[in-house]
Amino acid sequence: MAPAESAVGNSPAASLCSQEQEDAYLFGWNPTPGIVSVWANRQGEAVVWRREGERVHCSHERFWPWVLATSLEDLTAVGGRLCRVAVLPPPPSEASPGLIYYRELDGPEGTYRFLLFCADLSRLERMLLRGAARRLGRRLASLAELEDYYAVGPVEQYLMQTGQVYFRDLAYEHLHRLQVDLETTALDPHRGRIFLAAVRDSRGLAITLEAPREEDEPRLIRDLCDLICQRDPDVIENHNLFGFDLPFLEERARALGVPLMLGRQGAPEATRRLHRYQETLAIGPEARRRLRYSVAGRELVDTLDAVRRHDFVVRDMPSYALKDVARYFGIASAERTYIAGMDIVETYRRDPERVRRYALDDVEEVDGLSRRLLGAPFALASMAPRRYERLVSAGPAMGVLEPILVRSYLRAGAALPRPSEQEAGSDGLYEGGAVHLFATGVAEHVVKADVASLYPSLMRTFAIGPRCDRLGVLLSILGRLTDLRLQHKEAARQAPPGSIEANHHAATQAAMKILINAAYGYMGAGKMALFADAQAAAEVTRRGRAILDQVVQALRRRGLALIEADTDGVYFAVPPEWSEEQERALVAEIGAGLPSGIRLEYEGRYRAMFSHEVKNYALLTYDGRLIVHGVALRSSRAEPFGERFLRRALLATMLGKVHEVRAAYLETVEALRARALPAADVATQVRLTKTPETYFASRQSHQEPAYEALIRAGRRHWFPGERVRFYRTAEKQYVWLPDENTEEVPADQEWLALAPTSAEGETPLTTMERVRQSSKELAERRDYDVEYYIRLLTSSYAARLRKAFAPEDFEALFREDRQLSLFAETQPLEQIHPRWIRCQLPRPDQERAEEAGETEQETDGT
């Protein structure tokens, strides 16, 4: 094996740097092109796969595993086996066995200024833990328990040490991607089997592998492994790959004694088998662990991660199920074959061709999701020293930006900062952005003006960065990212639409925007981030509040109707006779008065807006689209009947059609009383947060409908994070309505295997399948509690329109006809109007007087 090319610490520390150095910070310094996968271990062995056209080359390299430390105190027992080096130890093949090397980095005491190297990382960690245990007088299981040390995984260590990144000089379309989806006879791999696998790839393959008989399943699994190795993709993708397909495949292969050889040639044989590991999501009380998979030489990507990441920003996706997501993004074909999950096995028996089309449509939609959502993670992999598969679900601050900063400091031979006690105490707490609600009600002719990338722009314009960033790396790469993003946006605009070039530039600018917007959040992340600085973050928000206030005051002086302002943007209403050109001219005029480097943009115009609460509003576009924003107006747990009513009523309210609001309410009440709606339309959906043990411990004192619905269906085991749909019957009981799809069924959950069977001899998944088989019948039932759902319609859905009308008008609109005789009508429906938000332009003489007064105040203030 040849030693890996390395340049850790070869350049001196510097505060500001050239464009070449900025690019080295941002993209790494090693020009090696075409890396599509890296495998590395704790003994310093690495295997790198590089793509050149349709060929993939494999090379074996060595690197020095490392750990950063604040002191050498825990290595005093090592004695003469601890050796100091100037940059790197000698090549591993030439180094004396058993030695630990260290390099002292440039930085103050208390920082991570000792870079420790050892040929065996596990051995180094054991020695550090023994020394720390003696120093602290307690047992330790992991370096993660100590703030004195900082380490990353072997692949990240290799990439940081060598300055290499994935995908240099490659476009997303150059990747060889393969999608695979399993169809099974049951959700539980201990009870069911695989009877079909659909496989397609980005090189034109589309095929199904089938096992119509039970004895055919081992052959199907072997054929699938052989096909993957023969096609040799860089990436394997599916929707809920980690939650269902791989756990199911792993268990079936284990039960049948079939080795899952999915990895690439060139890696050690053991690493070519599917490998499982645990990943922690979130931190603190919300932390939970989930199963992930990896295999040497290929990147495993779950498009469900990308969908969740997308919805974290937009928060408007109806569900994460593949079919719903495909329709949401408009990638579902009009000829797409649909089969209910519970009907797939029976359909295969009588019409196998239809199931083949269905399965191939599944993998085609996964490919569409990949092309739609994974361009940005692909581009991030050409910047951050991490595996591509990890960047799909990584947070942009800690998961992308921090590894770039760490690599830059190691490259410069500079010590990494250790979060100060003051920073840990603040835990990222400081005054945030400005939020104002100026008016509630309905406005027409609404404009949204937005300060482009406000916080990153303030950081760059006023040079506000973390004090602990002695090299100024964060601000350097922020500036470089901003400049490069504008170049890529322009290149994408100039390129032929839909071309590889256009897609590449669009994905790169999107990735850069993610990093740019993460810079401020990272700086304010408290003790979680190495380079956190709450004081600097507070200065950014202070200046941000001042900028927003300047924009608001400029609009107020001009007599425009202010509706809402939030952090970096403001909604306001303009006179009905104004054109779009006048709106744009106004925004440009106000923007011209902002500090240099701060750009006020015209973000959009809307026919109407319903302002309900801060960050909770509805918008009506000029082409008739309804956009609902905020949890007060929309929720993932909403009952479908209520959601339909609310959207219809919102639209009618913003158009001033009060009679249609009333009609929507009465028609919904009548549908409930006539039981014209199925149970599925009144069911709500919630995400569970409690384990069975936690819920049963408090059940006697406090019962919750979602858990009671599961228990009534025979389920006594579930998992936190599971989504449960249920409704309330006329007998005040709760009925579980299981979803038909398996895209959120976690076949990997340990409780499924460990949970005891019920008194009837059923395992948890057996119970799930039994109820799922009758889910169609359950969803069509009409035994719901009519009076309860009518009250819910009024108190939960109609109530969200309360601020759109005067109190007496609201009461008149949302009474049943049978109640009208009990109340005196305030006025006929024709005389009821929404509470309009109007603008009042000042007279020219009034405007001049106000400007003169402000000038006088400014003079007095100086």
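Predicted model: local features only at pLDDT ≥ 70, side-chain atom pairs only at ≥ 80, totals over all residues.

Guide: A search of the whole structure turns up 65 salt bridges, where a salt bridge is a side-chain nitrogen of Lys or Arg within 4 Å of a carboxyl oxygen of Asp or Glu. Residues are numbered from 1 along each chain as its sequence is written, and side-chain values use heavy atoms, with hydrogens and water left out.

Let's start with a pair that reaches across the sequence. Asp-148 and Arg-418 meet through their side chains in a salt bridge, 3.7 Å from N to O. The two sit in distant parts of the chain, 270 residues apart: Asp-148 is in the loop between α2 (121–136) and β9 (149–150), and Arg-418 is in the loop between α12 (397–412) and α13 (421–426). Those element names come from DSSP runs numbered from the N terminus, with helices being H or I of at least four residues and strands E of at least two. As for cover, Asp-148 is buried at 16% relative accessible area, while Arg-418 is partly exposed at 31%. Here buried means under 20%, exposed means over 50%, and partly exposed lies in between, using a 1.4 Å probe and protein chains only.

Next comes a pair on two strands. Arg-292 and Glu-279 form a salt bridge, and their closest N and O atoms are 3.5 Å apart. Arg-292 belongs to strand β15 (residues 288–294) and Glu-279 to strand β14 (residues 275–281), so this pair ties together parts that are 13 residues apart in sequence. Arg-292 is buried, at 2% relative accessible area, and Glu-279 also counts as buried, at 9%.

Then have a look at Arg-558 and Glu-589, a salt bridge with its closest N and O atoms 2.6 Å apart. Arg-558 is in the loop between α17 (534–557) and β19 (561–566) and Glu-589 is in helix α18 (residues 580–591), so the pair ties together parts that are 31 residues apart in sequence. Glu-589 is partly exposed, with 47% relative accessible area.

One more stop, for contrast: the inside. The structure holds 1 cavity of 30 Å³ or more, a cavity being a set of points on a 1 Å grid over the protein atoms alone where a 1.4 Å probe fits but cannot get out. The largest cavity has a volume of about 90 Å³, volume being the space filled by probe spheres set on the grid points, which are joined across faces, edges and corners. Its lining (residues with an atom within 4 Å of a point) includes Val-180, Leu-224, Ile-228 and Asp-245. Elements giving two or more residues to that lining are β10 (177–184), α4 (217–231) and α5 (241–256), with α5 supplying the largest share, 4 residues. By class, the lining has 11 nonpolar, no polar and 1 charged residues; Ala, Val, Leu, Ile, Met, Phe, Trp, Tyr, Cys and Pro count as nonpolar, Asp, Glu, Lys and Arg as charged, and the others, Gly among them, as polar.

Technical notes:
1 Å grid on protein atoms, 1.4 Å probe; cavity = no way out; pocket = protein on both sides within 12 Å on 5 of 7 lines; lining within 4 Å.
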